[in-house]
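Dear colleague,

I am passing on the structure we spoke about, with some notes on what turned up in it. Please look it over alongside the text below.

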Amino acid sequence: MRCVSPYTSGGGNSYTERLFKYDQIGKLSDETARDTIAEPAKDLGVDYEEQAIMGILKWSQGYPFFIQELCNTVWEYTERDLISLENVERVIATFLKNLDDNFSKSDMSAVQKRSMTFCLQW
């Protein structure tokens, strides 16, 4: 299997990268992003106000990973059947902290010390 990954570092592919083919995933269309936010919640009897969806789209920029992470954070901190913009805005700091704690760590773990120094200069 061929690996296509923009995150390959250290001069070669990791064992996992050699096992799987990675496809780059870009932004979702507006309609698909909205469905990605609202449909799973509807299946569980929860709805999003339009303003809440707009807030999630603003923070996620339509990228599926960020939609999933933000919706998960909203879900964890909201105990209502209707999710509002206020619910979204209330968890933004937690969402950003989760990204800081987890997102970059996995990407940077394979970077050699010399490359890390270069990256941190920017």
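Leaving aside residues up to four places away in sequence, Thr73 touches Val91, Thr94, Phe95 and Asn98. Please bear in mind while reading that this is a predicted model. Thr73 is part of helix H4, and because its relative accessibility is 1%, Thr73 counts as buried, the cut-off for that class being under 20%.

The remaining notes concern the packing of H4 against two other helices. Helix H3, which covers residues 50-60, packs with helix H4, residues 64-77, at an angle of about 130°, and the axes of the two are 9 Å apart; H3 and H4 are therefore oblique to each other. Their crossing is right-handed. On the H3 side the contact is made by Ile56, Trp59 and Ser60, which meet Phe66, Ile67, Leu70 and Cys71 in H4. Sorted by class, this contact of H3 with H4 comprises six nonpolar residues and one polar residue, with no charged ones.

Helix H2, residues 30-42, also packs with H4, here at an angle of about 30° and with the axes 11 Å apart, and the crossing of H2 and H4 is right-handed. The residues of H2 that take part are Ala33, Thr36, Ile37 and Ala41, and they meet Ile67, Cys71 and Trp75 in H4. By class, the contact of H2 with H4 likewise has six nonpolar residues, one polar residue and no charged residues.

Best regards

How values were computed. Residues are numbered from 1 along each chain as its sequence is written. This is a predicted model: local features need pLDDT of at least 70, side-chain atom pairs count only at pLDDT 80 or more; totals for chains, interfaces and linings use all residues. Side-chain values use heavy atoms; hydrogens and water are left out. Axes are lines fitted to C-alpha atoms, for helices over the stretch in contact, and angles run from 0 to 180 degrees between N-to-C directions. Helices (H or I, at least four residues) and strands (E, at least two) are DSSP runs, numbered from the N terminus. Angles under 35 degrees count as roughly parallel, over 145 as roughly antiparallel, 65 to 115 as roughly perpendicular and the rest as oblique. A crossing is left-handed if the near helix is turned anticlockwise from the far one by less than a right angle, and right-handed if clockwise. Contact means heavy atoms within 4.5 Å. Ala, Val, Leu, Ile, Met, Phe, Trp, Tyr, Cys and Pro count as nonpolar, Asp, Glu, Lys and Arg as charged, and the others, Gly among them, as polar. Buried means under 20% relative accessible area, exposed over 50%, partly exposed in between (1.4 Å probe, protein chains only).
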